[in-house]
Amino acid sequence: MPFSAIEVERCRMDFPALVRAENGVPLAFLDGPAGSQVPERVIAAVAQYYRTCNANTHGAFVTSRESDGMIAGARAAVAAFLGAPSWREISFGANMTTLNFALAHAIGREMEAGDEVVITELDHEANRGPWLGLRERGVVVREVALLPDGRLDADDMRRKITARTRVVAIGYSSNALGTVNDVPLARELARAVGARLVVDAVHYAPHFPLDVAALDPDFLLCSAYKFYGPHVGILYARPGALDRLRTDKLRTQEDAVPYRIETGTLNHAAIAGVKAAVEYIASWGEGATLRERLVSAMTAIGAREHELAAFYWDSVRKLPGVTAWGQDFSSPRRAPTISVTIAGVRPDAAAAALGEKGLLVWDGDFYAARAIEVLGLAERGGVLRTGISMYNTSAEVERLLAAVAELAAR
Ligand SMILES: Cc1ncc(COP(=O)(O)O)c(C=O)c1O
């Protein structure tokens with residue numbers, strides 16, 4: 001099934017927030033990379049859990065058993081979303097950053113002074129900070145260079161991954177520039193030296209079908225609030241990868257995967273919403289299995305988002321005084337996230353002016369602080385970022401273009 005303008009209009013009816021207006025102007029939610037809106041089905045699943053079954057896990061009574069079943073079902077749904085073999089590979093946490101700190105801490109316990117971790121200059125701090133923290137243990141952290149065109153330097157990656165590398169931590173797609181990184185190359189280089197591969201798929205997951213079986217990372221993380229779900233972090237661990245890791249855990253906590261990295265009580269209601277979000281995405285696809293429907297839906301949604309983002313990219317960069325950063329849209333391997341700067345207008349002032357017109361876009365570095373520094377944009381307040389989600393229309397993008405043109409012409 002294609003995801004055309006008709007489907008966009010249909011899907012918009014599922015998201016209650018999209019009807020919101022401010023000062024008589026409808027809000028255009030172009031802030032998806034920072035978190036997407038949620039469909040009614042997700043809201044209903046969260047409310048239903050609280051209404052009927054709010055309980056802790058592993059009890060001898062009905063609501064606890066139902067909670068266990070719901071969480072297992074949510075893990076299975078996420079496994080289908082990621083292309084994982086089973087629910088056992090899926091752990092939940094507060095958010096991606098918290099899970100990645102837990103992971104880095106556990107892996108760090110196995111490392112010795114002089115061991116190396118390779119991170120990238122393009123990544124969000126959530127996939128840099130936890131690894132940089134290992135320097136306290138004498139671990140050496142090396143950074144793959146970002147090129148001015150928004151791509152990682154593949155030759156630099158080849159140079160920096162060596163026999164001393166124990167972990168390669170790389171983003172799948174940049175939340176600042178929309179670049180899709182060459183993760184298969186990182187996997188090949190990491191495997192050749194026996195290093196673990198940790199992939200931050202937070203920005204990739206809302207825009208492309210994921211297939212961990214084909215990509216074969218040791219660990220992959222994402223966050224449901226970026227793909228129409230509640231605030232829940234997700235960790236995929238390759239079968240066997242988490243089993244013996246010395247995670248921070250209580251004596252009373254289960255040793256088995258996927259629980260051994262899940263400290264304390266999870267947000268059950270939000271997890272009910274994660275399952276509903278995955279099912280919602282699948283409802284836009286075709287196929288006999290949940291996995292088939294998810295791949296079909298994500299392929300169609302991603303293609304439509306790419307088309308709209310490409311239109312914005314082509315139009316905005318023609319405006320006098322506007323610079324668009326990162327890769328163009330000639331390849332389908334480009335996330336629909338576009339960052340620009342406008343000569344003479346600081347990004348925060350631009351975002352505030354657009355916000356007044358109901359155009360919700362972000363300014364700054366979005367925690368991709370190193371990338372913004374390397375591009376020489378930190379002192380200038382970073383960039384102005386627009387993200388396209390499944391519910392964005394060409395009319396919203398036209399409105400944004402007109403408003404950016406007005407700012408650039410001032
Ligand atoms: C690419 C990327 N990685 C990691 C994160 C952090 O995710 P979380 O908020 O779930 O910790 C974000 C959040 O914006 C992100 O965009």
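Helices (H or I, at least four residues) and strands (E, at least two) are DSSP runs, numbered from the N terminus. The model is predicted: local features need pLDDT of at least 70, side-chain atom pairs count only at pLDDT 80 or more, and totals for chains, interfaces and linings use all residues. Residues are numbered from 1 along each chain as its sequence is written, and side-chain values use heavy atoms, with hydrogens and water left out.

Start with the overall layout. The protein is divided into domain 1 (5-38 + 300-409) and domain 2 (43-282). These bounds come from an automatic or database domain assignment. The C-alpha centres of domain 1 and domain 2 lie 27 Å apart. Domain 1 puts 36 residues into the contact, and domain 2 puts in 34 residues. Contact here means heavy atoms within 4.5 Å. About 2800 Å² is buried between domain 1 and domain 2. Carbon and sulfur atoms give 57% of that area. Buried area is the accessible area (1.4 Å probe) that two parts lose on being put together, summed over both. On the domain 1 side, Q327, R333 and R370 lose the most area to domain 2. Together these three account for 20% of what that side buries.

Now go inside. A nonpolar core is a set of buried Ala, Val, Leu, Ile, Met, Phe, Trp, Tyr and Cys residues joined through side-chain atoms within 4.5 Å. Buried means under 20% relative accessible area, exposed means over 50%, and partly exposed is in between (1.4 Å probe, protein chains only). The largest nonpolar core has 84 residues. Within it, L82, F92, F227, I234 and M390 touch the most other members. A second, separate core has 30 residues, including A309, A324, V361 and V397.

Setting aside neighbours within four places in sequence, L82 is in contact with I90, L210, D211, V212, L220, C222, I234, Y236 and R291.

Next, the strands. Strand β12 (residues 337-342) is mostly covered, with six of its six residues buried. T337, S339 and T341 point one way from β12. I338, V340 and I342 point the other way. β12 pairs with strand β11 (residues 322-325) in the antiparallel sense over four bridges. Two strands pair if DSSP finds at least two bridges between them. A324 has V340 of β12 as its bridge partner. β12 also pairs with strand β15 (residues 383-387), again antiparallel and over four bridges. There, G387 of β15 is the bridge partner of T337.

Two helices are worth a stop. E7 lies in helix α1 (residues 5-12). Is E7 buried or exposed? E7 counts as buried, because its relative accessibility is 9%. The side chains of E7 and S4 are joined by a polar contact of 2.6 Å. A polar contact is a pair of N or O atoms within 3.5 Å; within protein, one must be able to donate a hydrogen and the other to accept it, and residues adjacent in sequence count only if both atoms are side-chain atoms. Not counting residues up to four places away in sequence, E7 touches M1, P2 and W284.

R158 sits in helix α6 (residues 154-160). R158 is partly exposed, with a relative accessible area of 43%. Its side chain makes a polar contact of 3.1 Å with that of D155. Beyond four places in sequence, R158 is in contact with L185 and L189. R158 and L189 are 31 residues apart along the chain, yet their C-alpha atoms are separated by 7.0 Å.

Finally, check the backbone. Most residues other than glycine have a negative phi, and most peptide bonds are trans. A cis peptide bond joins V257 and P258, with omega about 0°. P258 is in the loop between β10 (233-237) and α9 (268-282). N23 has a positive phi, near 50°, and is not a glycine. N23 is in the loop between β1 (21-22) and β2 (25-26). N23 is exposed, with a relative accessible area of 69%. Y228, also not a glycine, has a positive phi of about 75°. Y228 is in the loop between β9 (219-223) and β10. Y228 is buried, with a relative accessible area of 2%.
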